[in-house]
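Q: Please take a close look at the strand pairing in this model. Once that is in place, I'd be glad if you carried on to the side chains, with the cut-offs spelled out as you go.

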Amino acid sequence: MQSSLPTLRPITAAVALALLAAAHTASAQQATPVDSGKLESVVVTANKRAQNLQDVPASITVLGDAVLQRSNVRDLEDIPSLSPALTLSYGTQPGNFSINMRGIGTFSLGIGVEADVSVIVDDIPLGMQAGAFKDLADVYRIEVLKGPQSTLFGKSSIAGALNITTKPIGGPIKTNVSTYITDDHEWRGGFSVSGSVSDNLRMRLAASKTSYQGTLNDLTTGGHLNGSKGDNLSGKLEWTPIDQLTVTLTPHYNRTEKFCCSSAYSYMSPGGIYRNAPQLPVSLVLAGINIGPGNRDVRNDYPTGGKFHDVGTGVKLDWAFDPNGPLAGHTLSSISSYSRYHMDDYQDNDNTDVDILPFLLLPNGKPTGMHGGLFQYGSFDVHSTTQELRLTSPDKGAVRYVAGLWYGKNWLNRELTKAPLIQAYGTSYGADAWNISKAIYGQGSWDFVPNTSLILGGRYNDEDTGYNFRRYTVPPQSFAMTEFYHKEDNDKSFTGKLGLEHRINKDSMVYGMASTGHKGVAYDLTSGFTAATAKLPAVKPETARSYEIGLKQSLLDNRAMFSAALFRTNFKNFQQSSSFFDADGTYRTGLNSIGGLRTQGVEVEGSIRVTRELQLNGSFAYTEATVQSFENGPCYNVLNATGTGTVPGPGCANSPKYNNTNVQNLAGKTLPNAPKIKVNLGGQYDVVLPSQSFNGFVAATTRYQSRTQFSLSQDPMTVQGAYSITNLSVGVKDKQDRYKFTFLVNNLFDKRYAAGLNNGYANSNWSSKAPNTPLVVNTTEWLPPRDFQRYFGARLDMTF
């Protein structure tokens, strides 16, 4: 095992630096503000207006600045551990990751399918969900909005939305510096400068750099896989040329490389031969790898992952109407944005460093006549332009509302080549997809009696979509286009929201809400695209109908907060990909339109300030995300009675209705990566040190997740059992907020779990067939998450 001593030295230095800072400021102690002992009010913008969380009739999880810092959140992959409503499904690179809300999320390799959960940063939605899988630089608050959000946030919010707000500008100019390091080779560094430049000009500049080596060991290169590194630069400029007008400019640049997400073999039955070539036994192809539970060794001679950058800016104009005019208190906002995202992706398709091609045979039985291995490479390009015009009323009076006009244009390009492949299996294609949306929306509350409000909202959306698909000759042939297909569609939709809110007293309210969601047509623009596919109509639009009732309660003179919600959402024509292995053994997906899905359950959240020193919080989600109608669902294989072959698993059969392919009716089955139970518990105890210039603190969190099925086919070999993870941190904080030092241990009890599981029989790369002795080889693979084992770290934050 590699020594952690070189990494622990910087941790020791960070501890020493914090103690020196404490000693230096001990003589400068000042009186600290009086603590009321109450919970702080939480402000959200879920309804495109600033509101107290307890006044919003919706189930929302808010992750504020203190929580994000305490949990050392770096990127989106850290958020599901803090919000029970969220899970993430991983592909081989960020282009096919999926954010799932209440068990619902579209997984697809193609650019012709939009996500079900949108990501909005400072009022601007991302053009492609892949752009969210980068460092969450300079983030102040994340609002997890559950259920259809189509009325205010558009068609890509059919299952929910992540509403992200970056850090505000306030007060005189200050500089913040943050460093973080762990004993398993992760480090981060960042700084920001923020404050008022003049009476009418304020600015913020933030930069950060991060690196994590990864969870897998590549025996071929001596490096690591499933890590990442990134650079971020963002700015915010607020100019108030006159009292009524505020101009905000928010440019950003990000560069990230994710060398992920490779899986390692955790089991392989004896006697495996790669692609039935006797010259390629396991002992050669996977030399030096001890296959078994917890194995983290792989042999890749070609990288897997994606390297991407994105650049863009937003421009927001806020006009506050004359306080003495007819629109007193109203604000008219114009929000414009442009962004460009580019990613180069690559994948090792054979997971070995051996020269395998000379030993493989073409379908006609002849040798390939080639050398090397199997790999693929490609690129994504996304250009996004948005424009929103919004009128917001004052948040007082009997009628409160927001209304607006929306325009958005996304152009996406995908290029992919599998090379240097056997020609019979070759794939090289390019695809363009576009969507242009024009919408008008509005949502308001009317207090038709003093303590009861009617909530009404609607959105009319007109979307033009289309694609170009090109197939090319495969290297080493000369590059030439061999096929071209083109299609255009138009989709018009209306989504709405209707609800009642009743304020029992100043501390409690109940609500009921019905809402609908809509996501437009989709196209399966992947390597499986054919001339026959091009003749088919677009995959049907996805729709949702949701019902939610809830309670929000403040207790003990605002020292405690409690909220609960019951929900049910039905989806129709859900756009979901299912997995298979294509002719050359590469893992692929195909797009389906599932007849019906349902997610239903209960969510509970609460916080309590037990004393001025102790605060506890917790959240619980019980979610049933199930298929309601899917006759031609994918199957999994099992061994036959003699153990010499495979047969479809229970419930699978040839179906004349679906071209005599093996399918199963998945009605009533669970969706992938949708655990029924998730629980988060946490707390912080502040240790008051009256004679010192600093105080201490101890914080701990525990999260629990029930068993999880990772395959839509319901393969019993891809089930992750229940697990719980506990994190602990201790530290000191200057009473004047000049520094904060934290020492942490994550996964305190060293619990092992997987972020993804694969299982294969004859449809994998490993088997033995005639003329070799017939043998079915079973393989299983696992994807280790970031905290699959215990690790230690230290963080230092300073303000000048």
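A: Happy to! Let's start with the rule for pairing: two strands pair if DSSP finds at least two bridges between them. The strands themselves are DSSP runs of E with at least two residues, while helices are runs of H or I with at least four, and both are numbered from the N terminus. Keep in mind that this is a predicted model, where local features need pLDDT of at least 70 and side-chain atom pairs count only at pLDDT 80 or more, whereas totals for chains, interfaces and linings use all residues. Residues are numbered from 1 along each chain as its sequence is written, and side-chain values use heavy atoms, with hydrogens and water left out.

With those rules in hand, look at the open sheet that three strands form in the order S14-S13-S19, with mixed pairing. Its edges are strand S14 (224-225) and strand S19 (297-298), each of which pairs on one side only. Strand S13 (residues 216-218) runs antiparallel to S14, and two bridges join them.

Next, move to strand S10 (residues 174-182), which pairs with strand S11 (residues 186-198) in the antiparallel sense over eight bridges. Tyr180 has Arg188 of S11 as its bridge partner. S10 and S11 make a hairpin with three residues between them, and His185 in the turn has a positive phi of about 70°. S10 also pairs with strand S46 (residues 791-799), again antiparallel, over seven bridges. There, Thr182 is bridged to Gly793 of S46.

Now for the side chains, beginning with the rings. Rings of Phe, Tyr and Trp (its six-membered ring) count as a pair if their centres lie within 6.5 Å; planes under 30 degrees apart are stacked, those over 60 are edge-to-face, and the rest are tilted. The structure holds 18 aromatic pairs. One of them is the edge-to-face pair of Tyr265 and Trp766, at 6.4 Å centre to centre with 85° between the planes. This pair links distant parts of the chain, with Tyr265 in strand S17 (residues 264-268) and Trp766 in strand S43 (residues 766-768), 501 residues apart. Trp766 also forms an edge-to-face pair with Tyr274, at 5.4 Å centre to centre and 75° between the planes. Tyr274 lies in strand S18 (residues 273-274) and Trp766 in S43, so this pair ties together parts that are 492 residues apart in sequence. As for accessibility, buried means under 20% relative accessible area, exposed means over 50%, and partly exposed is in between, using a 1.4 Å probe and protein chains only. Tyr265 and Trp766 are buried, and Tyr274 is buried too. Elsewhere, ring pairs link Tyr429, Tyr467, Phe469, Tyr485, Tyr523 and Phe529 into a cluster.

Some rings have a charge over them, meaning that NZ of Lys or CZ of Arg is within 6 Å of the ring centre and within 35 degrees of the ring normal. Arg102 lies over the face of Phe567, at 3.8 Å from the ring centre. Likewise, Arg786 lies over the face of Tyr212, at 4.0 Å from the ring centre.

Contact here means heavy atoms within 4.5 Å. Leaving aside its neighbours within four places in sequence, Ile99 is in contact with residues including Leu76, Leu86, Val117, Phe133 and Leu162.

Finally, a covalent link: a disulfide is a pair of cysteine sulfur atoms within 2.5 Å. By this rule, there is one disulfide. It joins Cys635 to Cys652, with an S to S distance of 2.2 Å. The link is left-handed, with -120° about the S-S bond. Cys635 sits in the loop between S31 and strand S32 (637-639), and Cys652 in strand S34 (residues 652-655), 17 residues apart. Cys635 is partly exposed at 24% relative accessible area, whereas Cys652 is buried at 14%.
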